[in-house]
Amino acid sequence: MKKISLTGLKPTGSLTLGNYIGAIKQMVEMQDNYINYLFVADMHAITVPINREELHNNIKNFLALYLACGIDPKKNIIYLQSDIEYIPCISWLLECNTYYGELSRMIQFKEKSKKNANFSVGLLTYPVLMATDILVVDADYVPVGIDQKQHVELTRNIASRFNKKYGETFKIPEPLITEVGTKIMDLVDPSKKMSKTEENNKGVICLLDDLKLVRKKIMSATTDSDMKVVYDQEKKPGISNLINIYASLTNKNISEVEEMFKNSNYAQFKSAVADVVCSFLEKIQLRYNELINSDEIDKILREGALVVRKMASDKFDTMKLKIGLYR
Ligand code: TYM
């Protein structure tokens, strides 16, 4: 039997190379051998303030980019989270089996709540909604970047606790984190992750960025004063990040990349990274432009919603029965 894999991306900001390498690429590679669920986590996007127009446009952009990146709608179940009305209902049932202490210890919650003292309760309960996404489809694997690992671990705890209390209900999922590119860093400040909501986007490569700009960003990426293309995340975070990007897009491992560039200086290496990234983005952007104004996306979402709504509705009924919520 095929194993089930699921991942989602939150439609805030513009999709980055980090999002592609951390999550989408894995889903593309898995699509022949797994039952893949891929969705737009629009309800997660409203845990922080977001403009209506921006949210609406992002939803469509993200979906078109999934397809442009090689996600095949015939091999994946693609849907919009807010189309599945049972998801918040299930999330509530899980919230009542999750401790405040667990949620307040989540790294992402701690970081984001620091930025705005008036944060919403949704920011705190965010990981339970994420657990719901995962548990509804009985996912075996959740391909994510390393920043989401803690949330998948929490999902495992919530599911095990529910199973213990009410009887076997959920499959226990595993995070799937690749060896290369689990965390693509900002090009200007390689101590922080490349983020789609970063205000200073000089260090961020967005999938829809102008290619000339992409080359410029890579050529001016922060590096160290040594001149060797060698992987050392602590001492050479900038170069290590570029090695990661190159390795991931060419499907090579780190030592192969080091070997290839052992006689190159940083400018030559950066130029090679820029070539690989630009030729990858060029293909994506061409396909994106064909898709963005077609009605293909709506059709795909309608079909995806039908499948997942039924699964979520069944899960909700099972949970209610187990908890005692029935007439
Ligand atoms: P989000 O939208 O922040 O990120 C989407 C995916 O991209 C990965 N990622 C990265 N990987 C490598 N390097 C980076 N710089 C980088 N930045 C982001 C993230 O790890 C993630 O895999 N909570 C999730 C969305 C979500 C979800 C889910 C994911 C909602 N429900 C269920 C998996 C399963 C989020 O905000 O991801």
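**Chatting through a predicted model**

Reader: Which side chains does the salt bridge at 2.8 Å, N to O, with D32 bring together?
Author: The side chains of D32 and K75 meet there, at 2.8 Å from N to O. A salt bridge here is a side-chain nitrogen of Lys or Arg within 4 Å of a carboxyl oxygen of Asp or Glu.

Reader: Why does that pair tie parts together?
Author: D32 is in the loop between α1 (17-30) and β2 (34-40), while K75 is in the loop between α3 (52-68) and β3 (76-80), so the bridge links parts that are 43 residues apart in sequence. The helices (H or I, at least four residues) and strands (E, at least two) are DSSP runs, numbered from the N terminus.

Reader: Before I go on, what kind of model is this?
Author: It's a predicted model, where local features need pLDDT of at least 70 and side-chain atom pairs count only at pLDDT 80 or more, though totals for chains, interfaces and linings use all residues. Residues are numbered from 1 along each chain as its sequence is written, and side-chain values use heavy atoms, with hydrogens and water left out.

Reader: Back to D32 and K75. How do they count by relative accessibility?
Author: D32 counts as partly exposed, at 44%, and K75 is partly exposed too, with 35%. The scale goes: buried is under 20% relative accessible area, exposed is over 50%, and partly exposed is in between (1.4 Å probe, protein chains only).

Reader: Which residues are linked with them in a network?
Author: D72 joins in: D32, D72 and K75 are linked in a network of salt bridges.

Reader: How many salt bridges does the whole structure have?
Author: A search through all of it finds 18. One of them pairs the side chains of K262 and E259, at 2.8 Å from N to O. K262 is exposed, at 54% relative accessible area.

Reader: What does E290 form a salt bridge with?
Author: With R287, and the closest N and O atoms are 3.2 Å apart. Both residues lie in helix α12, 3 residues apart, which is about one turn of the helix. E290 counts as exposed at 54% relative accessibility, whereas R287 is partly exposed at 33%.

Reader: How far does helix α12 reach?
Author: Helix α12 (residues 266-291) has 26 residues and spans 37 Å from first C-alpha to last. That's close to the expected 38 Å, which is worked out as 1.5 Å times one less than the number of residues.

Reader: What caps its N-terminal end?
Author: N265 does, with a side-chain oxygen 3.1 Å from the backbone nitrogen of A267.

Reader: Changing topic: is β3 mostly covered or mostly open?
Author: Mostly covered, as 5 of its 5 residues are buried. N76, I78 and L80 point one way, and I77 and Y79 point the other way. In a regular strand the side chains alternate between the two faces of the sheet.

Reader: In which sense do β2 and β3 pair?
Author: Parallel, over 5 bridges. Strands count as paired if DSSP finds at least two bridges between them. In this pairing, V40 stands opposite L80 in β3.

Reader: What about the ligand, which residues come nearest?
Author: Y126, D133, D147, I184 and K196 come nearest, out of 28 residues around the ligand. To be near, a residue needs a heavy atom within 4 Å.

Reader: Where does an oxygen atom of the ligand lie 2.5 Å from an N or O atom?
Author: At the side chain of D147. There are backbone spots as well: a ligand oxygen is 2.9 Å from a polar backbone atom of K10, and a ligand oxygen is 2.8 Å from one in G145.

Reader: Is T12 buried or exposed?
Author: Buried, at 6% relative accessibility. T12 sits in the loop between β1 (3-9) and α1.

Reader: Last one: where is V152?
Author: In helix α8, residues 149-166. V152 is buried at 0% relative accessible area. Leaving out residues up to four places away in sequence, V152 touches M130, I134, V142, V144, E174 and P175.

How values were computed
Polar contact = N/O pair within 3.5 Å; in protein donor to acceptor, adjacent residues only side chain to side chain. Contact = heavy atoms within 4.5 Å.
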